[in-house]
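Please work through the exercises below with the sequence and the model side by side. Each task is followed by a solution that goes step by step.

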Amino acid sequence: MQLAVIGTGYVGLVAGAGFAEFGNDIACVDVSEAKIEMLKRGQVPIYEPGLEELIAKNVRDGRLQFSTDVGSAIRGAEVVFIAVGTPSAEDGSADLSAVYAVAETIGKTLEGYKVVATKSTVPVGTADRIRAIISSQTEHPFGVASNPEFLKEGDAVNDFMKPDRVIIGSDDARAKEVLRHLYNPFVRTSDRIHLMDPRSAELSKYAANCMLATRISFMNDLAVLAEKLGADIELVRKATGADPRIGPKFLFPGPGFGGSCFPKDLSALLYTARERGHELSIVEAAQRINARQKHLLGEKILAHFAGAGSAAPPVEAQAEGGTRGPLAGRTIAIWGLSFKPRTDDIRESPALTLIDDLLAAGATVQAHDPQAMPGVRAIYGGRVMMSDGMYGAVEGADALVLVTEWHEYRRPDFKRLHRIMNTPALFDGRNMWEPDELRGLGFSYQSIGRP
Ligand code: UDX
């Protein structure tokens with residue numbers, strides 16, 4: 001099949017490369033000339049394991065092309081996928097201006113029947129709006145479908161190639177059939193394809209993300225209580241997840257969820273609900289708990305050093321014209337800046353909240369991340385010191401905070417850490433390390449929800 005994918009962000013690139021891999025001919029287009037030029041040179045603007053290879057292979061085989069010519073991509077395609085960004089507007093609603101602009105272009109370009117499918121996460125009712133916009137531009141027939149994407153960053157290629165469900169929402173029987181045909185090779189049994197109306201398809205995407213985010217917030221909230229009760233959230237998590245009705249996934253307490261999807265989708269669904277006069281209290285609570293959770297590590301560090309009291313050297317630091325605040329003179333090291341491992345994405349990352357809290361408290365911040373340091377440097381400049389090596393970031397630190405659970409942080413050389421730190425305090429935001437082992441080695445150790 002000949003397909004056009006509009007938008008070369010995460011979703012667009014992975015979908016374009018994935019469809020090409022299954023033998024389709026794809027034109028991936030974007031308004032950004034710089035991005036398209038990069039892609040033509042074989043450079044992929046995002047870090048996603050396996051994606052660069054998949055793109056290179058399909059470009060080489062002639063099935064995948066990049067261009068800024070939206071018109072000719074649309075003209076040549078049987079199906080046009082809209083995969084442009086839908087950022088959060090000020091009021092929490094999804095900003096759909098890019099989606100609507102593409103719909104208008106499609107309307108102007110249409111010369112015969114085409115399927116127009118949204119891959120971007122869009123509010124319920126968007127398919128209807130898209131249909132209206134295209135209709136206002138053309139007499140030609142077309143079908144609109146909602147085909148939300150469920151890929152996770154860091155595992156996106158795999159998720160796309162082996163989806164656990166494909167959702168096709170349309171009122172147009174022909175569009176449903178075309179998309180079902182396109183997706184058949186991706187699913188071994190077609191009962192993983194769910195055919196429905198567009199509104200249910202659009203809501204299904206929000207339902208999944210809000211449910212997952214709610215599970216995380218529930219465990220994060222329970223972790224705070226567990227600490228107060230002297231219970232161990234890790235034991236509670238395993239015992240709870242052993243119930244097959246609950247299952248073990250997405251129950252890991254941590255520093256709060258981030259990324260480009262959960263925070264944005266929660267806000268957007270809450271906005272939609274409010275518009276309809278409905279209070280979606282559970283999702284609201286999940287959002288509120290997450291906002292609080294992102295400050296938890298910073299609060300623990302402040303409390304720790306407030307307790308350490310007179311051992312602090314803040315007066316000297318202030319005299320040098322340095323920073324002021326309860327952590328002045330303290331150096332805090334951070335391991336992990338991306339919102340999760342295997343990505344360089346720092347959008348809504350809890351590490352950024354932590355950095356803000358630490359800087360506001362007057363601390364010196366040193367950080368390491370295998371992929372995300374350039375992004376953080378672009379925001380903070382010289383206010384956060386970056387180290388090429390993970391141990392370099394910890395040199396002379398008064399505390400080390402594990403924020404993102406990259407593989408290399410899971411079993412570090414703790415004796416070396418103890419040697420190079422100024423004061424041996426560990427804050428484990430992902431419950432990766434063994435409390436007893438570390439206390440045995442002479443560390444002060446705190447985690448999320450463990451006694
Ligand atoms: C998510 C959805 O999983 C995916 O289906 C959808 O298409 C896009 O949004 P993504 O944002 O890439 O994917 O990351 P995900 O792996 O879901 O993690 C989101 C956040 O939740 C991360 O910050 C992660 O650290 C956090 N998380 C996840 C937890 O804190 N605990 C968990 O148990 C799981």
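Predicted model: local features only at pLDDT ≥ 70, side-chain atom pairs only at ≥ 80, totals over all residues.

Residues are numbered from 1 along each chain as its sequence is written.

**Exercise 1.** Find the domains of the chain and describe how domain 1 meets domain 2.

Solution. The assignment, whose bounds come from an automatic or database domain assignment, gives domain 1 (2-196), domain 2 (206-291) and domain 3 (294-446). Next, take the C-alpha centres of domain 1 and domain 2, which lie 29 Å apart. Then count contacts (C-beta atoms, placed from the backbone, within 7 Å): 10 residues of domain 1 touch 9 residues of domain 2.

**Exercise 2.** In what order do the strands of the open sheet of 8 strands follow one another?

Solution. With strands taken as DSSP runs of E of at least two residues and helices as runs of H or I of at least four, numbered from the N terminus, and with pairing requiring at least two bridges found by DSSP, the order reads β3-β2-β1-β4-β5-β6-β7-β8, with mixed pairing. β3 (64-67) and β8 (193-196) are the edge strands, and because each has a single partner strand, one side of each lacks a neighbour in the sheet. Looking inside the sheet, β5 (residues 114-118) and β6 (residues 142-146) pair in the parallel sense over 5 bridges, and Val115 has Gly143 of β6 as its bridge partner.

**Exercise 3.** Describe the packing of helix α11 on helix α12.

Solution. Axes are lines fitted to C-alpha atoms, for helices over the stretch in contact, and angles run from 0 to 180 degrees between N-to-C directions. On that basis α11 (residues 262-275) and α12 (residues 281-293) pack at about 145°, their axes 10 Å apart. The contact joins Leu266, Leu269 and Leu270 of α11 to Val283, Glu284, Ala286 and Gln287 of α12.

**Exercise 4.** Which residues come nearest to the ligand, and which helix gives the most to the shell around the ligand?

Solution. Counting a residue as near if its C-beta atom, placed from the backbone, lies within 6 Å, there are 19 residues around the ligand, of which Glu153, Phe252, Phe257, Gly259 and Cys261 come nearest. Helix α9 (residues 198-229) gives the most, with 3 residues. Finally, domain 1 and domain 2 each supply at least three residues of the shell.

Technical notes
Contact = placed C-beta atoms within 7 Å.
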